[in-house]
Amino acid sequence: MSREAFISIEGIARRFHGATAAEPQVVFEDVHFSLDRGEFVCLIGHSGCGKTTILNILAGLDQADAGAVLVDGREISGPSLDRAVIFQSHALMPWMSVVGNIAFAVKSRWPDWARDKVAAHCQKYIDLVGLTGAEHKKPAQLSGGMKQRVGIARALAIQPKMLLMDEPFSALDALTRGVLQDEVLKICAATGQTVFMITHDVDEAILLADRIVLMTNGPRAKVAEIVVNTLPRDRSRHDIHKHPHYYRIRNHIVDFLVMRSRRFEEEIADGGYDPRRPPLVKPGLGEAAATGTTPGRAKPDLRIHG
Amino acid sequence: MPSNLKIRAALLSALLLVAFLALWQFATMPSAGTGAAVDPEYAKLVGAAAAAGQKTPFPAPLEVGAKIWAHIADPFYVRGTNDQGIGIQLGYSMARVAVGYLLAALVAIPIGFLIGMSPLVYRALDPFIQILKPISPLAWMPLALYTIKDSALSSIFVIFICSIWPMLINTAFGVASVRREWLNVARTLEVGGVRTALLVILPAAAPTIMTGMRISIGIAWLVIVAAEMLVGGTGIGYFVWNEWNNLSISNILTAILAIGLVGMLLDQVLARLTRFVSYQE
């Protein structure tokens, strides 16, 4: 990469050592990719490829068995208030109210703040995620979507440098998911937040992401390629499917998930694949740009270097 | 309808009580004397009932009721060291339970926290706990009397040792099973160890800890009666034993009822407190 990336994942790996002295089991290895400031990157892959582990390593909750994660050029060594996590299961403290959960985060970030300052700051983010009026409810009294809104407000309230989302909407019904996706889109556009999100919803990734990282199946999962989302950034859930790029990108990703994610080893058997520089593809631009000279499947030598 | 159910349940309870009292009354009715062939001199010596081959008659419900009423009317009298009101005796027992139990909580909850948070400490202490836990608290009594050399303190020690285990084990379990994601939230927010312990782990484990405390108070109240029977002097256990020596079955029954009521009260207080700290996920 020519310019310095904001966040750079460099060759991280996760290995499990079995009871015997045999070869360790490799979940993923040699994973390289990066995020620029203000960029929204989604990671897609099947269960078991280590997506959540990668996110936890980025969050500092887990440690890679090899490689490193650099933020602003410095290697991270643990969790940080600069990297807020939105958990799949919302992870709200059930004994705290909505405002209590958010205030817990705010007081952790700014321990010297006076009580009213904390309250005003919390209220701002409660209003932002549309929970005005539910401040003093306990999580058990909220619907799934509302709980996740609290999780989002808690993460945003500490004004992190980046947001990490672990399948934040996967436990929600389709309607709620759509509404929350719109809100996240709106909030990220307004704040220019850097976001790394794990999902297995292809449409969600196309709606939200600037780039979509595709991972092969585990064990020995790796970053197969990175799809550049060529759709204009002011997307909306209602007419995104009318854009000519939409189905090309969608088909490319679905093809990958259904077929290529399993047989990627065979695909790269003839060489040319460099895990340090996973191919950057733009299937949205059409057949010609996506597949070039080789008909059919995109080959590593067709990558467009970013 | 729930209110209807409540009324019906109360009616049934009342009915069962009446039936029980009636049965009791019936069973204790004096049998027609057959004591024709009793030597009057022998009767004078051992008492009429014994001479007739009868035991001290089991008191009828009304007799016990009158006794209970007498105790309620004057619960705090003191007529010498061996004759004190049932309220005073219960007070002694409750004070001993309170001291032993609170000391146990002071020791068990911090150690339980440590065990729950550190697998190393858990493994290191587990064999001791497993061996010490099943020991009847009364088995400690001679040792306590020998080392402490004070019967009142010894009974407090017995309460301490019997109430420590449920609190210790429940605290450790509650702390160890705090949801990983809550701890992860605290970690990503860079919350320090003490703040995490007080604001995340303690409230998360509080319902489990309180359950342990509720079990402990129940056991402590069971054990204090036996302990006081052994060490004597004061307390409701001593009262029961003293009345056995006096062969006053009415007083024993009164004490049994009082022990039950106080036990229920203690349990209810802890149940309230448990509800206060419990949360719905």
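Modeller: A word on terms is needed to begin with: a residue is called buried when its relative accessible area is under 20%, exposed when it is over 50%, and partly exposed in between. Please also keep in mind that this is a predicted model.

By that scale R179(B), with a relative accessible area of 31%, is partly exposed, whereas E181(B), at 15%, is buried because this value falls under the limit of 20%. The side chains of these two residues meet in a salt bridge, with an N to O distance of 2.6 Å.

In chain A, salt bridges with shared partners link R37(A), D72(A), D82(A), R109(A) and K161(A) into one network. Another salt bridge of chain A joins the side chains of E183(A) and R149(A), at 3.3 Å from N to O. Here E183(A) sits in helix 5 (residues 174-191) of chain A and R149(A) in helix 4 (residues 144-157) of chain A, so the pair connects parts that are 34 residues apart in sequence. E183(A) counts as buried at 19% relative accessibility, and R149(A) is buried too, at 13%.

Over all chains the structure holds 22 salt bridges, yet the count between chain B and chain A is zero. What is found between chain B and chain A instead is five residue pairs in polar contact, both residues being at pLDDT 80 or more. On the side of chain B that touches chain A, the elements giving two or more residues are helix 9 (180-188) and helix 10 (193-231) of chain B, and helix 9 of chain B supplies the largest share, six residues. Sorted by kind, the residues of this side of chain B are nine nonpolar, three polar and five charged.

Taken as a whole, 17 residues of chain B are in contact with 21 residues of chain A, and the area buried between the two chains is about 1800 Å², with 69% of it coming from carbon and sulfur atoms.

Technical notes
Residues are numbered from 1 along each chain as its sequence is written. Chains are lettered from A and ligands numbered from 1 in the order in which they are written. This is a predicted model: local features need pLDDT of at least 70, side-chain atom pairs count only at pLDDT 80 or more; totals for chains, interfaces and linings use all residues. Side-chain values use heavy atoms; hydrogens and water are left out. Contact means heavy atoms within 4.5 Å. Buried area is the accessible area (1.4 Å probe) that two parts lose on being put together, summed over both. A salt bridge is a side-chain nitrogen of Lys or Arg within 4 Å of a carboxyl oxygen of Asp or Glu. A polar contact is a pair of N or O atoms within 3.5 Å; within protein, one must be able to donate a hydrogen and the other to accept it, and residues adjacent in sequence count only if both atoms are side-chain atoms. Helices (H or I, at least four residues) and strands (E, at least two) are DSSP runs, numbered from the N terminus. Ala, Val, Leu, Ile, Met, Phe, Trp, Tyr, Cys and Pro count as nonpolar, Asp, Glu, Lys and Arg as charged, and the others, Gly among them, as polar. Buried means under 20% relative accessible area, exposed over 50%, partly exposed in between (1.4 Å probe, protein chains only).
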